[in-house]
Amino acid sequence: MIDSRIESVLNFVAAGSRVADVGADHGYLAIELILSGRASKVIATEKNLHPFEALAKNISDSGLSSIEVRLGDGLKVLSAGEVDTICIAGMGGVLIEKILTDSPEVVQSARQLILQPMNGAEKIRAWLEENSWKIADEDLAESAGIIYEIICAEKNPQPKIFKRDTSPLMKKFLAQRLEKLQRIVAEMSKSEIARDSEKFSALIAEIETLKNNLQANII
Ligand SMILES: C[S@@+](CC[C@H](N)C(=O)[O-])C[C@H]1O[C@@H](n2cnc3c(N)ncnc32)[C@H](O)[C@@H]1O
């Protein structure tokens, strides 16, 4: 029922947690969290009415009373202390950052943030650092040929080797990222202002590092 992207999110959830699944859509993560015994309770939220109705029906059909559904924006429909773990998957990095920033009390009262941005993972890492969260682990997951990044943050994690560093998907992920950055640089090269920007220089530097790592086969 769940794909490897959602499975990677689920695998980071600490056993027995009360979990918020923000933007739950179909509710597959919420349902699997309870069926697998990983979570003790899930609050599944949706901002938009149409997916909310589908979510409410799926949860009702599942017969799982430990999943509650709430209609509303991000974490605004939760109170501080209601959940231990916040999962936000399948959204852009900017939207994830906004959802976290809009509800500081709820975020601060959680123990784990499990974030799967569709883009802008660097922004998420920067936000975590600025807000005193530490990255506890990271993973990669492939779904329909696309490789996704999954970030798990905690307040005081134990040091460990991240799953992503030994992932068999790492090389393919770096190759996909190289291709993406090369496309952006090609587009930016058409404008003199863009070529003179700090972002352009940073992209060129990252492309060089990616090429060297891939060529040296050190990943
Ligand atoms: C692409 S789906 C991802 C669904 C699921 N989380 C997953 O990873 O497969 C994004 C969902 O987030 C919902 N959404 C977008 N902005 C939201 C917000 N501010 N608060 C709650 N849900 C939101 C959308 O309605 C949509 O159902």
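**Entry 1: S1 and S4**

I began with strand S1 (residues 17-22), which pairs with S4 in the parallel sense over four bridges. My labels follow DSSP runs numbered from the N terminus, where helices are H or I of at least four residues and strands are E of at least two. I call two strands paired if DSSP finds at least two bridges between them. In this pair, Val19 stands opposite Thr85 in S4.

A note on the source: this is a predicted model, so I took local features only at pLDDT of at least 70 and side-chain atom pairs only at pLDDT 80 or more, while totals for chains, interfaces and linings use all residues. Residue numbers start from 1 along each chain as its sequence is written.

**Entry 2: the other side of S4**

Next I looked at strand S5 (residues 112-117), which pairs with S4 in the parallel sense over six bridges. I found Ile88 opposite Leu115 in S5, and Met91 opposite Pro117 in S5.

Is S4 enclosed or open? Six of its seven residues are buried, so S4 is largely enclosed by the rest of the structure. (Buried means 20 or more other C-beta atoms within 10 Å of the residue's own, exposed means 12 or fewer, and partly exposed is in between; C-beta atoms are placed from the backbone.)

Contact here means C-beta atoms, placed from the backbone, within 7 Å.

**Entry 3: helix H2**

Which residues of helix H2 (residues 28-35) are buried? I noted Leu29, Ala30, Ile31 and Leu33. The buried residues of H2 pack against helix H1 (4-12), S1, S2, helix H3 (49-62), S3 and S4. Just after H2, Gly37 takes a positive phi of about 80°.

Most residues other than glycine have a negative phi. I turned up Asp25, whose phi is near 55°, in the loop between S1 and H2. Asp25 counts as partly exposed because it has 18 C-beta neighbours inside 10 Å.

Ser132 also has a positive phi, near 65°. I placed Ser132 in the loop between H6 and S6, where it is exposed, with 9 other C-beta atoms within 10 Å.

**Entry 4: around the ligand**

I looked up the 16 residues around the ligand; Gly23, Asp25, Lys47, Ala89 and Gly90 come nearest. Near means that a residue's C-beta atom, placed from the backbone, lies within 6 Å. Strand S2 (39-46), strand S4 (85-91) and helix H4 (93-102) are the elements that give two or more residues to this shell. S4 gives the most, with three residues.

By class I have seven nonpolar, five polar and four charged residues in the shell. Nonpolar covers Ala, Val, Leu, Ile, Met, Phe, Trp, Tyr, Cys and Pro, charged covers Asp, Glu, Lys and Arg, and the others, Gly among them, are polar.

Key
Contact = placed C-beta atoms within 7 Å.
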